[in-house]
Amino acid sequence: MMEGVKMKTEIEEVQAEIREKGLSAPVKIACYLVAAFLTTLMLYIFSDFIGKMVTLLINSLFGTNRTIGFITVVSSIGVIYMLISLSIKLGNYWRSSGTEIGTSVTNLPNPFRDPTFKKGPLKLRAEYSRLYTRYMVNIKLTEQLEEKHSKVIEQLNKILLRLNVLLRHHENTSRLVESLTYSIKTKEYELENVLSDTLSECITVLEKDQSDKSISLFEVNSDVLKIRDGVRINAESVIKRNFKIGEGFAGSVWETGEAEYINDIDYENDSRFNMFIQRLRPRFRSIMGIPLKVDEKIIGVLCIQSEDTNGFCEDDLRALEFYAHLCTFIITYDKIVSVKGEGSEENGS
């Protein structure tokens with residue numbers, strides 16, 4: 001009901017906005033005064049000529065010597081115009097109303113009723129104004145509906161994109177959990193393979209272009225962040241890209257323990273990025289970092305880089321948290337297995 005009232009109000013506002021505005025009262029008065037002046041002037045100019053012609057005609061026909069003056073001509077024209085005007089108005093009234101033809105003593109049936117007849121130019125102008133207003137209202141409402149339609153389509157496309165991302169995330173989750181379970185149970189599929197699969201799959205749930213993304217999975221090793229695995233990174237980076245706590249972007253995430261993303265890296269003024277090797281090849285324009293936590297201890301950092309600005313959004317950060325947790329579990333489980341293995345070897349010896 002509220003929507004109906006709102007729509008009615010919008011229609012009334014549109015009608016008021018586009019309705020044709022008439023002349024002001026002073027302009028109307030000036031219009032008719034000018035018309036009266038010109039009419040009087042024309043009558044004055046032509047009445048003398050008409051009087052002479054009528055005088056000549058009457059005198060030649062009847063052999064009189066009569067003179068037809070200005071007043072007589074004007075009066076005759078006025079009477080003729082009045083008779084014609086009244087006759088037309090009365091005939092139009094009969095055609096349009098269908099009422100009885102009445103006199104002071106009789107009321108006769110009206111045979112002149114015409115349902116297709118519209119009386120007078122004023123009524124036609126009013127009808128035109130009404131139809132024009134309705135037409136312009138329809139045009140305005142159509143434009144508003146098209147604008148709302150475009151916004152709805154845009155929102156639906158965003159929802160569809162998000163649903164596709166969620167669907168991929170669900171499929172990725174099922175696939176990775178099955179691989180991890182199989183690896184732990186059978187030992188036939190290495191945990192390193194599950195870790196690599198996790199990194200590859202996490203790119204597919206990003207909302208923006210995925211082809212320009214790369215991943216670096218850092219692990220804390222002897223108080224230094226070192227790359228354990230990655231996607232679309234070269235061997236030199238794997239060997240040389242090591243960070244102490246608070247050093248570089250990955251070291252900063254390690255220090256704060258908070259996830260962060262930057263959509264426009266400032267290589268000149270941000271101390272986390274103006275290291276020599278990054279100034280040499282400032283290929284990435286956006287970056288995201290998520291700490292790998294076990295309780296409050298940071299055991300690594302998951303970094304995703306993009307070659308374009310505005311490469312990430314808040315939804316990406318929430319989606320990638322699952323993959324960061326999975327990486328945390330794999331790294332922690334691998335360490336536990338390694339410690340147990342070393343303990344077994346010592347006991348055996």
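The stops below cover charged pairs and then aromatic rings.

**Charged pairs**

The model is a predicted one, and the count of salt bridges in it comes to 12. Side chains of opposite charge can pair when their charged atoms come close.

Select glutamate 201 and arginine 175. Their side chains form a salt bridge with an N to O distance of 2.8 Å. Glutamate 201 belongs to helix H5 (residues 191-203) and arginine 175 to helix H4 (residues 120-186), so the bridge links distant parts of the chain, 26 residues apart. Glutamate 201 has a relative accessible area of 15%, under the 20% cut-off, and is therefore buried. Arginine 175, at 39%, is partly exposed.

Next, select lysine 335 and glutamate 219, whose side chains meet in a salt bridge at 3.7 Å, N to O. This pair also spans distant parts of the chain: lysine 335 is in helix H9 (residues 314-348), glutamate 219 is in strand E3 (residues 213-221), and they are 116 residues apart. Which of the two is buried, and which is partly exposed? Glutamate 219 is buried, with 13% relative accessibility, whereas lysine 335 is partly exposed at 35%.

Stay on helix H9 and select aspartate 334 together with arginine 228 in strand E4 (residues 224-231). The two side chains form a salt bridge of 2.8 Å, N to O, between positions 106 residues apart. Aspartate 334 is partly exposed, with a relative accessible area of 23%.

**Aromatic rings**

The structure holds 5 aromatic pairs. Select tyrosine 267 and phenylalanine 273. Their ring centres are 6.1 Å apart and their planes are at 70 degrees, so the pair is edge-to-face. Tyrosine 267 is buried at 10% relative accessibility, and phenylalanine 273 is buried at 2%.

Move to phenylalanine 322 and tyrosine 323. They form an edge-to-face pair, 5.2 Å from centre to centre with 80 degrees between the planes. Phenylalanine 322 is partly exposed at 24% relative accessibility, while tyrosine 323 is buried at 0%.

For the last stop, select lysine 213 and phenylalanine 312. The charged end of lysine 213 sits over the ring of phenylalanine 312, 5.6 Å from the ring centre.

Notes: Residues numbered from 1 in each chain as written. Heavy atoms only, no water. Salt bridge = Lys/Arg side-chain N within 4 Å of Asp/Glu carboxyl O. Helix = DSSP H or I, 4+ residues; strand = E, 2+ residues; numbered from the N terminus. Buried < 20%, exposed > 50% of the residue type's maximum accessible area, 1.4 Å probe, protein only. Phe/Tyr/Trp six-rings, centres within 6.5 Å; stacked < 30°, edge-to-face > 60°. Lys NZ or Arg CZ within 6 Å of the ring centre and 35° of its normal.
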